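Hi,

Here is the model I promised to hand over. Have a look at it first, and my notes follow below.

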Amino acid sequence: MAPKVQQTKAAKAAAALAGGKKGKKKWNKGKVKDKAQHLIVLDQEKYDRILKDVPTYKYVSVSVLVDRLKIGGSLARVALRQLEEEGIIVPVLKHSKQSVYTKAN
């Protein structure tokens, strides 16, 4: 077996640069969900829509109002309490964390 020929420093550096063509792995950032722009102050247009649409829903909760009407959670809780006082919706389940309502017949 023939003895190895020693490379110069310049040749070693050139070989090192030529060898790593693939580069580093780029980790995927994943999909970023856009931040929701929900209303935090109720205007007349949204209030009229709540009075018109919510009595037609079979299942009414804070999350349903937030999702469908694009309002904040605290605003949805106040709206549900108001609709319950007016008799437009009736409670099915009342809990400290989640309240479920349905339309009044």
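Before the rest, the ground rules. This is a predicted model, where local features need pLDDT of at least 70 and side-chain atom pairs count only at pLDDT 80 or more, while totals for chains, interfaces and linings use all residues. Residues are numbered from 1 along each chain as its sequence is written, and side-chain values use heavy atoms, with hydrogens and water left out.

Back to Ser-61, which sits in strand β1, residues 60-61 (helices are DSSP runs of H or I with at least four residues, strands are runs of E with at least two, and both are numbered from the N terminus). Apart from neighbours within four places in sequence, Ser-61 touches Leu-80, Gln-98 and Ser-99 (contact means heavy atoms within 4.5 Å).

Now the sheet. Three strands form an open sheet in the order β1-β3-β2, with antiparallel pairing (two strands pair if DSSP finds at least two bridges between them). β1 and β2 (89-94) are at the edges with a single partner strand each, so one side of each has no neighbour in the sheet. Between β2 and β3 (residues 99-103) there are five bridges, and the two run antiparallel.

On to the helices. Helix α4 (residues 73-86) lies across β1, β2 and β3, at about 120° to β2 (axes are lines fitted to C-alpha atoms, for helices over the stretch in contact, and angles run from 0 to 180 degrees between N-to-C directions).

In helix α3 (residues 62-69), the buried residues include Val-62, Val-64, Leu-65, Val-66 and Leu-69. Their cover includes α2, β1, α4 and β3. After α3 comes Lys-70, with a positive phi near 55°.

Finally, Leu-51 belongs to helix α2, residues 44-53. Leu-51 counts as partly exposed because its relative accessible area is 31%.

Cheers

Notes:
Buried < 20%, exposed > 50% of the residue type's maximum accessible area, 1.4 Å probe, protein only.
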